[in-house]
Amino acid sequence: MSSTDRDVDHALAYPEPPASPLWHRHGAKARPLTPAQQRRNRELLDIAQRTTRPRSPRPTETLAEN
């Protein structure tokens, strides 16, 4: 028995169900962003990646102590 016979995930052997028709967009395409909007998004992304989010303090008491 080879390793490929043992490692097969049998759930993946079945075909995928067809995509839902709700996943397909109908109608007008989204407007492209203006260069100013693109620049603003890049600035916000840069700020978000550089700053750390403060962690919420964990309670010192457990629920059993209350």
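I looked up Arg50 and found it exposed, with a relative accessible area of 65%; exposed denotes over 50%, buried under 20%, and partly exposed the range in between (1.4 Å probe, protein chains only). Asp46 is partly exposed, at 33%.

I note that this is a predicted model, in which local features need pLDDT of at least 70, side-chain atom pairs count only at pLDDT 80 or more, and totals for chains, interfaces and linings use all residues. Residues are numbered from 1 along each chain as its sequence is written, and side-chain values rest on heavy atoms, without hydrogens and water.

I then searched for salt bridges (a side-chain nitrogen of Lys or Arg within 4 Å of a carboxyl oxygen of Asp or Glu). The structure holds 1. Asp46 pairs with Arg50 in a salt bridge, with 2.9 Å between the closest N and O atoms. Both residues belong to helix α2 (residues 35-50), 4 residues apart, about one turn of the helix.

Helices are DSSP runs of H or I with at least four residues, and strands are E runs of at least two, numbered from the N terminus. I recorded 2 helices and 0 strands.

Finally, I checked burial: buried residues make up 0% of the 66 residues in the protein.
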